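Let's take a friendly look at the aromatic rings of this protein and at one of its strands. Please have the sequence and the model open as you read.

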Amino acid sequence: MRFVVLRQTEAGASAGALTPLAPLTPTHGVTVHTMAELAPPDQAVRVVFDDAGATEAAGSFAAGGRALAGLAVVEAPSRDAAVAWLSAQPDGQSFELRETGCASGLAGVDPTRPATRPRFLVALRADADTEAETAPPPERLARMGAHNDAAVQDGLLLAADGLRSSARATRVSVAAGRARVLDGPFAEAKELVAGFWLVQAPTLADVVAWVRGYPYAQTRPVVEVRPVVG
């Protein structure tokens, strides 16, 4: 099973200064395909689409709450195995485990492909339709798939996926050597993530230009672009 692990900033900490994930052991059976630790949320650019077009603004769409601090794409034999791996991480870590499932398909996307240019995370904010897992019209899915395929061919797209509803999420917090496992997304999150694209490009402006031309499934998407650290 493929999962996306979202990492959250700790209270008083800045994104991009995370404790490294613990080494894997054979008992967990987890493979990490890619990891991205994010620059602080004040370095993000969000793009808001409405009937008049797209508007850019500074900052994360999770302003006011603990921001997304990192993301990992992992393969595990089961949800329980992924939870066991996260439960073995060092103290002070908070994770949200989400199942993946991109309706438009992601042929050719290889999350193990090494980057040769600066990386950026493009995060899509959830809405009522994505939380209900409402399927977009087939013509939109076809346009999204074609756009993703072109981005792979251009060398821009490194990894991407849609996330299943946050109702299926599991969150894991590790403190004092013990893990607390709860159902649902981060309790403090102000905004939920519905999907992501991990891309490489010369500049953030190049990524924003790509984001503005993407054929989203949502009618009024809100997207955040954030540099990846390292």
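This is a predicted model: local features need pLDDT of at least 70, side-chain atom pairs count only at pLDDT 80 or more; totals for chains, interfaces and linings use all residues.

Residues are numbered from 1 along each chain as its sequence is written, and side-chain values use heavy atoms, with hydrogens and water left out.

Rings of Phe, Tyr and Trp (its six-membered ring) pair if their centres lie within 6.5 Å; planes under 30 degrees apart are stacked, over 60 edge-to-face, and the rest tilted. The count comes to 6 aromatic pairs. One of them is edge-to-face: W197 and W210, at 6.3 Å centre to centre and 80° between the planes. Because W197 lies in strand 11 (residues 193-200) and W210 in helix 4 (residues 204-212), this pair ties together parts 13 residues apart in sequence. Helices (H or I, at least four residues) and strands (E, at least two) are DSSP runs, numbered from the N terminus.

Both W197 and W210 are buried, meaning under 20% relative accessible area with a 1.4 Å probe, protein chains only. Y214 and Y216 make a tilted pair, with centres 4.9 Å apart and planes at 50°. Y214 is buried at 5%, and Y216 at 9%. Together, F49, W197, W210, Y214 and Y216 form one aromatic cluster.

Strand 12 (residues 222-229) has 7 of its 8 residues buried.

| Partner of strand 12 | Bridges |
|---|---|
| Strand 2 (residues 31-38) | 2 bridges |
| Strand 3 (residues 45-50) | 4 bridges |
| Strand 7 (residues 119-125) | 5 bridges |

Within strand 12, V229 stands opposite E37, V223 is the bridge partner of V47, and E224 is that of A123.

Technical notes. Buried means under 20% relative accessible area, exposed over 50%, partly exposed in between (1.4 Å probe, protein chains only). Two strands pair if DSSP finds at least two bridges between them.
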